Amino acid sequence: MDLWIEKYRPNTFDDILGQRDTVEKLKAMADRKEVQHMILSGPPGVGKTTSAIVLAKTLFGSQWSHNFMELNASDDRKLSVIQGKVKEFARSKPIDAPFKIILFDEADSLTQEAQQALRRMMEEYSGTCRFIFSVNYQNNIIEPIQSRCAIFRFKSLSEEEVYRFIDNIAATEEIKVDEDAKKALFYVSRGDLRALVNLMQSLSTVSKKIEADVIYKSSGAVNIDKLRKAIELALSGDYLGAKALISSFIEEGIGPRELISEVFDIITSSDIKIDEKKRGYVIEKLAEAEYRIVEGATPFIQLQSFFAFLSSLKG
Ligand SMILES: Nc1ncnc2c1ncn2[C@@H]1O[C@H](COP(=O)(O)OP(=O)(O)OP(=O)(O)O)[C@@H](O)[C@H]1O
Ligand SMILES: [Mg+2]
């Protein structure tokens with residue numbers, strides 16, 4: 001079975017979603033064939049590794065894999081590897097290219113010692129090799145390396161960009177993903193396209209139609225639309241309707257405390273239409289329920305009593 005994570009990895013700069021400023025700068029570097037050492041920093045699954053690979057493919061064409069080496073966290077991060085494998089690659093001559101590129105994926109996990117050794121190699125072999133570090137946090141890289149690198153920040157992808165990614169996969173794989181399901185995919189993956197593409201692949205083996213409820217269940221996340229509906233039912237005075245939805249969450253194994261904290265997010269956002277005075281009461285009640293749970297009250301009873309309170313606000 002093809003892994004979608006590889007199948008849907010962009011091959012050109014134009015296929016990379018979002019990250020426009022960064023991608024334009026990388027493109028310009030590739031055009032001029034002038035590449036600096038770099039730190040690519042940003043959250044998981046937003047295109048850091050992909051951009052480094054696209055850069056190598058653009059620069060080196062069919063020779064790209066000879067001139068490009070990727071080390072990820074599962075490779076040995078010990079000093080001996082840096083001094084062996086990495087040094088060997090960095091100092092040997094590039095093939096039909098002015099330099100080689102070595103990518104340290106998940107470089108956050110490089111030890112201080114390894115980074116010190118790399119820093120020296122960056123100077124020694126800057127004639128033949130460029131170093132790229134992909135990290136979640138720039139500050140996990142020692143200052144002397146940071147100061148030798150151009151720093152590129154990758155951002156979380158927007159809802160619209162994530163939807164484009166989903167639509168493309170859905171069309172190619174002939175699977176159905178409706179609006180609610182898209183929303184759910186965006187919500188549970190939080191803009192991490194690696195997590196998203198893996199989730200889509202695993203769900204598509206079960207059914208050609210990907211449903212919102214299944215997405216929330218399989219990721220253990222709360223179905224926000226359903227919870228919002230429960231709140232709205234309660235606010236309209238329909239306690240029993242709300243209670244049925246709440247019970248279905250509990251049956252799925254979602255804890256009352258988690259629900260209370262999600263309810264808090266929903267109530268405090270502007271999604272829910274409620275007059276401001278009432279919103280204040282509701283928040284106070286939530287805080288009270290939370291406090292009682294911490295003090296040892298039964299979470300399920302606190303949750304039910306909160307929804308009973310919401311229903312009582314009507315009229
Ligand atoms: N900006 C993007 N445009 C299109 N696809 C993307 C983008 N970002 C990520 N993807 C998809 O997600 C997969 C993983 O992306 P990538 O390996 O580049 O993430 P990363 O930023 O390096 O994450 P990590 O910090 O976890 O290493 C890619 O194979 C691709 O399918
Ligand atoms: Mg990566």
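The crossing of H9 and H11 is right-handed (a crossing is right-handed if the near helix is turned clockwise from the far one by less than a right angle, and left-handed if anticlockwise). The model is predicted; local features need pLDDT of at least 70, side-chain atom pairs count only at pLDDT 80 or more, and totals for chains, interfaces and linings use all residues. Residues are numbered from 1 along each chain as its sequence is written, and chains are lettered from A and ligands numbered from 1 in the order in which they are written. Helices are DSSP runs of H or I with at least four residues, numbered from the N terminus.

Helix H9 spans residues 179-189 and helix H11 residues 212-219. Their packing angle is about 20°, and their axes lie 8 Å apart (axes are lines fitted to C-alpha atoms over the stretch in contact, and angles run from 0 to 180 degrees between N-to-C directions). H9 is therefore roughly parallel to H11 (angles under 35 degrees count as roughly parallel, over 145 as roughly antiparallel, 65 to 115 as roughly perpendicular and the rest as oblique). On the H9 side, Asp 180, Ala 181, Lys 183, Ala 184, Leu 185 and Val 188 make the contact (C-beta atoms, placed from the backbone, within 7 Å). H11 contributes Ala 212, Ile 215, Tyr 216 and Ser 219. This contact of H9 with H11 has 7 nonpolar, 1 polar and 2 charged residues (Ala, Val, Leu, Ile, Met, Phe, Trp, Tyr, Cys and Pro count as nonpolar, Asp, Glu, Lys and Arg as charged, and the others, Gly among them, as polar).

H9 also packs against helix H8 (residues 159-173), at an angle of about 115° and with the axes 10 Å apart. The crossing of H8 and H9 is right-handed. Glu 159, Val 162, Tyr 163 and Ile 166 of H8 meet Lys 182, Leu 185 and Phe 186 of H9. The contact of H8 with H9 holds 5 nonpolar, no polar and 2 charged residues.

Helix H12 (residues 224-235) and helix H14 (residues 256-268) pack at about 75°, with axes 10 Å apart. H12 and H14 are therefore roughly perpendicular to each other. Ile 224, Leu 227, Arg 228 and Ile 231 of H12 touch Leu 259, Glu 262, Val 263 and Ile 266 of H14. The classes here are 6 nonpolar, no polar and 2 charged.

The domain assignment gives domain 1 (4-153), domain 2 (159-219) and domain 3 (224-312); such bounds come from an automatic or database assignment. The C-alpha centres of domain 1 and domain 2 lie 30 Å apart.

Ligand 1 has 23 residues around it (C-beta atom, placed from the backbone, within 6 Å). Arg 9, Pro 44, Gly 47, Thr 49 and Thr 50 come nearest. Domain 1 and domain 2 each supply at least three residues of the shell. Helices H3 (48-60) and H10 (193-204) each give at least two. The shell divides into 10 nonpolar, 8 polar and 5 charged residues.

Key
Two residues are in contact if their C-beta atoms, placed from the backbone, lie within 7 Å.
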